[in-house]
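Biologist: I would like a close look at one part of this model, namely its pockets. Please take them one after the other.

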Amino acid sequence: LAMAKAMSENNFKIKATCAARTKIEDIEPIADVVQKTGVPIEVYAFIGSSPIRLFAENWSVDTLRKHIEAAVSFGVKEGLDVCLVTEDTTRSRPDTLDSLFRLAIDLGAKRLCLCDTVGHATPEGITNLFDWTEGLLRSLNVDIKLDWHGHNDRGLGVSNSLHAIVAGADRVHGTALGIGERVGNAAMDQILLNLKLLGEWEPSVTMLRRYCEVAAEACNVDLAYNYPMAGRDAFRTAT
């Protein structure tokens, strides 16, 4: 609520999203914040979809469908834009994803988020996943946006995000300095730096270094001396 109020009061030109489990009790507070502030907030409703997650939770695909039906229906009824986030998409079965994606789209979801939750994917795998998903969307003749959410367990977080953009992602996710679970997420600052150098990002990036410094201070994370762009040795050369 405080963040949404700050966005409204300062006229920030950014869009807000909020993660939620595919549970009505997680989405109700988001709808409440929207009502109190007038700030639109997209709901990113997530649920694990890979075989290992189903085994660990003792879930079936029907369980997933019931959760998705309740959550997406409620969000759409409240006037919220909903994105279905299938956790661990890169290790999920195509027939499972087909069932879940079709259901979410039928219920009114506007986006699908393809996730590499444990940093498992390679660039080739990302291309295959997006090709498969885009083929499904073409067969349904629907205009659904695609997100990519990647982690850095194999050290491929940033490169995978760039490959996802080439493969068709409308939006990619990142965090400041790549801070996140285990070895972290794709680094937002490095994604933006590379897009700028590739000529694909028009806005100025002159504040990116300060962004990194503020994030490091706020999160009590050491900024490595050799961190790209923001580390103290980033532009130092020697013979």
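Which element gives the most to the lining of the second largest pocket, and with how many residues?

Modeller: The model is a predicted one, and the values below are computed from it. Helix 2 gives the most to the lining of the second largest pocket, namely 3 residues. Two or more residues also come from helix 1 and from strand 2. This second largest pocket has a volume of about 400 Å³. Its lining holds 22 residues, and those nearest the centre are Lys15, Pro40, Ile41, Glu42 and Asp81. By class, the lining of the second largest pocket divides into 10 nonpolar, 3 polar and 9 charged residues.

The largest pocket has a volume of about 1,200 Å³. It is lined by 37 residues, and Lys15, Ala16, Thr17, Cys18 and Tyr44 are the closest to its centre. Two helices, helix 1 (2-9) and helix 2 (24-37), each give two or more residues to the lining of the largest pocket. The strands that do so are strand 1 (16-21), strand 2 (41-48), strand 3 (82-87), strand 4 (111-116), strand 5 (145-150) and strand 6. In the lining of the largest pocket, 21 residues are nonpolar, 9 are polar and 7 are charged.

Key
Residues numbered from 1 in each chain as written. Predicted model: local features only at pLDDT ≥ 70, side-chain atom pairs only at ≥ 80, totals over all residues. Heavy atoms only, no water. 1 Å grid on protein atoms, 1.4 Å probe; cavity = no way out; pocket = protein on both sides within 12 Å on 5 of 7 lines; lining within 4 Å. Points joined across faces, edges and corners; volume = space filled by probe spheres on them. Helix = DSSP H or I, 4+ residues; strand = E, 2+ residues; numbered from the N terminus. Nonpolar A, V, L, I, M, F, W, Y, C, P; charged D, E, K, R; others polar.
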